[in-house]
Amino acid sequence: MTYLFPAAWLLLITILSLLPGVPAPSGFNLIGFDKLGHAFVYAVQVWLTARAWRLASGKDALRVGQILLLIAGAVLYGVLMEWAQLTFTQSRHFELDDMIANGMGACIVGFFFYHKMAFPIAHSRQRLRSQ
């Protein structure tokens, strides 16, 4: 049950990635609503999976290696979805800028988890010192 939300979100990513889409403008473009959407979707995937993994482990924090594994998994899944679009759809394309946006979203949330959750004791001490 802990992994229900990450699994459902991954299914949503897969469905949205493989639905027929509007033809994308040609050329490399990292700025735009579409790329923000890509970054957001993969950021949420990393966040949901990290939260579920932390709850399932019963620990207060994830280790750095676990966070890096989550980021790598999200990035690889983004590459897989781009390949699937090229292979299994006629209106979607393999786009490098989409993969970069996916990875940026995953890395931003991974960076957050690294700083806020991988070392909760250090952050607690830091808060106590500032008071």
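K35 and E95 form a salt bridge in which the closest N and O atoms are 3.8 Å apart. This pair links distant parts of the chain, with K35 in helix α2 and E95 in the loop between α3 (64-88) and α4 (96-116), 60 residues apart. The model described here is predicted. Its chain has five helices and zero strands, and the salt bridge of K35 with E95 belongs to a network that links K35, E95, D97 and D98.

**Overall organisation**

- Along the sequence, the chain follows the pattern α-α-α-α-α.
- The chain has 131 residues, of which 34% are buried.
- Of the contacts in the chain between residues at least 6 apart in sequence, 79% join residues at least 24 apart.

- Side chains of opposite charge can pair when their charged atoms come close.
- The structure holds three salt bridges.
- Besides its salt bridge with E95, K35 forms a salt bridge with D97, where the closest N and O atoms are 3.8 Å apart. K35 lies in helix α2 and D97 in helix α4, so this pair ties together parts of the chain that are 62 residues apart in sequence.
- The C-alpha atoms of D97 and K35 are separated by 7.7 Å.
- K35 also meets D98 in a salt bridge between their side chains, at 2.5 Å from N to O. Because D98 lies in helix α4 and K35 in helix α2, the pair ties together parts that are 63 residues apart in sequence.

**Burial of the charged residues**

- Residues under 20% relative accessible area are treated as buried.
- K35 has a relative accessibility of 8%, so K35 counts as buried.
- E95 counts as buried because its relative accessibility is 15%.
- D97, which is found in helix α4, has a relative accessibility of 4% and therefore counts as buried.
- D98 is likewise buried, with a relative accessible area of 4%.

**Packing of α1 against α2**

- Two packed helices are described by the angle between their axes and the distance between the axes.
- Helix α1 covers residues 4-18 and helix α2 covers residues 33-57; their axes come within 8 Å and cross at roughly 160°. That angle makes α1 roughly antiparallel to α2, since angles over 145 degrees count as roughly antiparallel.
- The crossing in which α1 passes α2 is left-handed.
- On the α1 side, the contact is made by F5, P6, W9, L10 and I13. These residues meet F40, V41, Y42, V44, Q45, L48, T49 and A52 in α2.
- Sorted by class, the contact of α1 with α2 has eleven nonpolar residues, two polar residues and no charged residues.

**Packing of α1 against α3**

- The axes of α1 and α3 come within 9 Å and cross at roughly 30°. The two helices are therefore roughly parallel to each other, because angles under 35 degrees count as roughly parallel.
- The crossing of α1 and α3 is right-handed.
- L10, I13, T14, S17 and L18 of α1 make this contact with Y77, M81, A84 and Q85 of α3.
- The contact of α1 with α3 divides into six nonpolar, three polar and no charged residues.
- L10 and I13 of α1 take part in the contact with α2, and L10 and I13 are also among the α1 residues that make the contact with α3.

- L70 lies in helix α3.
- The relative accessibility of L70 is 11%, so L70 counts as buried.
- Leaving aside residues up to four places away in sequence, L70 touches V46, T49, A50, W53 and L62.
- L70 and T49 are 21 residues apart along the chain, and their C-alpha atoms are separated by 7.5 Å.
- T49 is also one of the α2 residues in the contact with α1.

Conventions
Residues are numbered from 1 along each chain as its sequence is written. This is a predicted model: local features need pLDDT of at least 70, side-chain atom pairs count only at pLDDT 80 or more; totals for chains, interfaces and linings use all residues. Side-chain values use heavy atoms; hydrogens and water are left out. Axes are lines fitted to C-alpha atoms, for helices over the stretch in contact, and angles run from 0 to 180 degrees between N-to-C directions. Helices (H or I, at least four residues) and strands (E, at least two) are DSSP runs, numbered from the N terminus. Angles under 35 degrees count as roughly parallel, over 145 as roughly antiparallel, 65 to 115 as roughly perpendicular and the rest as oblique. A crossing is left-handed if the near helix is turned anticlockwise from the far one by less than a right angle, and right-handed if clockwise. Contact means heavy atoms within 4.5 Å. Ala, Val, Leu, Ile, Met, Phe, Trp, Tyr, Cys and Pro count as nonpolar, Asp, Glu, Lys and Arg as charged, and the others, Gly among them, as polar. A salt bridge is a side-chain nitrogen of Lys or Arg within 4 Å of a carboxyl oxygen of Asp or Glu. Buried means under 20% relative accessible area, exposed over 50%, partly exposed in between (1.4 Å probe, protein chains only).
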